[in-house]
Amino acid sequence: MDELDEDRLHELIPRLRQFARALSRDAANADDLVQATLERALRAWSSRNRESALQSWLFSILYRQFVDEQRRAKRWRRVLDVVGVTEEPLAPSAERVNEGRAALAAFAGLSTEQRAILLLVSVEGFSYRETADALGVPIGTVMSRLSRAREKLRRIAEGCAPTPALRILK
């Protein structure tokens, strides 16, 4: 790893943590997610396309790692249901209660895909193209999900309950 990339990598860690925290909604899980992302990135460092942006490459790895962990957790919950083991709910910590402000509650109501796109575009300053590349979706999908996420947040802020999208079936 050349010195410039190492310095740039260190600069991106706080932003990766912020993105991971918003996705996972838990500081400890976010730290684990960033660590797993950095481990995966360092293992694949030699195969990295030097022309691609380090920032979007790392955010892409983090998002894919998050999605993989969500799938794995879902499978594990199904196994526990079959076996008959139930998880006891954890009481919220004082920190979690403090973080329960209205804006965060509205943001948490968004789908994972909408949150990821909103964070990358609005918070991290990614272009639509960089966001599409990081998440592995077409640029049109980025624009439509971003539009829907902003509209949902706007409706919640105005006090209107979000209406679910209904599909008419024939």
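The model is predicted: local features need pLDDT of at least 70 and side-chain atom pairs count only at pLDDT 80 or more, whereas totals for chains, interfaces and linings use all residues. Residues are numbered from 1 along each chain as its sequence is written, and side-chain values use heavy atoms, with hydrogens and water left out.

Of the 170 residues in the chain, 31% are buried, that is, under 20% relative accessible area with a 1.4 Å probe and protein chains only. The secondary structure consists of eight helices and zero strands (DSSP runs, H or I of at least four residues for helices and E of at least two for strands, numbered from the N terminus). Among contacts with a separation of 6 or more, 65% join residues 24 or more positions apart, a contact being heavy atoms within 4.5 Å.

Helix α6 (residues 112-123) packs with helix α7 (residues 128-135) at an angle of about 140 degrees, their axes lying 10 Å apart; axes are lines fitted to C-alpha atoms over the stretch in contact, and angles run from 0 to 180 degrees between N-to-C directions. α6 is therefore oblique to α7, since angles under 35 degrees count as roughly parallel, over 145 as roughly antiparallel, 65 to 115 as roughly perpendicular and the rest as oblique.

From α6, Ala116, Ile117, Leu120 and Val121 meet Tyr128, Thr131, Ala134 and Leu135 of α7.

Terms used. Buried < 20%, exposed > 50% of the residue type's maximum accessible area, 1.4 Å probe, protein only.
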